[in-house]
Amino acid sequence: MEAHQLALSLPTTPAAASQARHQAVDAIAGWGSGLGAEVVHTAELLVSELVTNAVQHAGTGSVSLAVCLNEAVLRIEVCDTSPVLPQPALPDADSEGGRGLFLVAALADRYHAEPTKNGKFCWAEIDLTSKPSQEVACFLPLQRS
């Protein structure tokens with residue numbers, strides 16, 4: 001399978017998650033990778049949750065998305081300008097939000113958040129084979145420096 005990558009700069013508006021979801025799904029479908037519907041839907045949810053969190057916490061700063069596909073892994077990366085790393089916590093039963101990281105943890109095979117010089121970098125991976133996979137490098141150089 002050929003390696004593929006999508007990179008986007010996103011507005012810090014409520015429409016960013018929807019835009020990111022649509023473009024990511026269109027790109028994955030356009031790659032002709034033969035990924036099953038379950039993988040595509042999982043990727044769509046991961047993109048939505050990671051971008052939504054970034055937009056909520058980036059303020060007026062920038063948000064970027066990268067989706068990378070190789071033979072073993074589909075990786076989703078989101079960078080934003082907030083230095084605050086996400087902290088999973090149980091929300092109140094009546095809270096309208098606060099469940100995104102639990103969804104990410106349930107859907108992804110691996111995920112993590114790392115500080116960068118200009119904010120933070122959050123990623124999630126979906127294994128595509130039963131073989132152990134190596135971490136896929138798919139960095140957005142301008143955001144990670």
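Strand β1, residues 4-10, pairs with strand β2 in the antiparallel sense over seven bridges. Strands here are DSSP runs of E, at least two residues long, numbered from the N terminus, and two of them pair if DSSP finds at least two bridges between them. This is a predicted model, so local features need pLDDT of at least 70 and side-chain atom pairs pLDDT 80 or more, while totals for chains, interfaces and linings use all residues. Residues are numbered from 1 along each chain as its sequence is written, and side-chain values use heavy atoms, with hydrogens and water left out.

Back to the pairing. The bridge partner of Q5 in β2 is C68. β2 also pairs with strand β3, residues 73-80, antiparallel and over seven bridges; there A66 stands opposite E77. A hairpin of three residues joins β2 to β3.

Is β2 itself enclosed or open? Seven of its seven residues, 63-69, are buried, so the strand is largely enclosed by the rest of the structure. Buried means under 20% relative accessible area, with exposed over 50% and partly exposed in between, using a 1.4 Å probe and protein chains only. In a regular strand the side chains alternate between the two faces of the sheet. In β2, V63, L65, V67 and L69 point one way, S64, A66 and C68 the other, and all are buried.

How values were computed:
Helix = DSSP H or I, 4+ residues; strand = E, 2+ residues; numbered from the N terminus.
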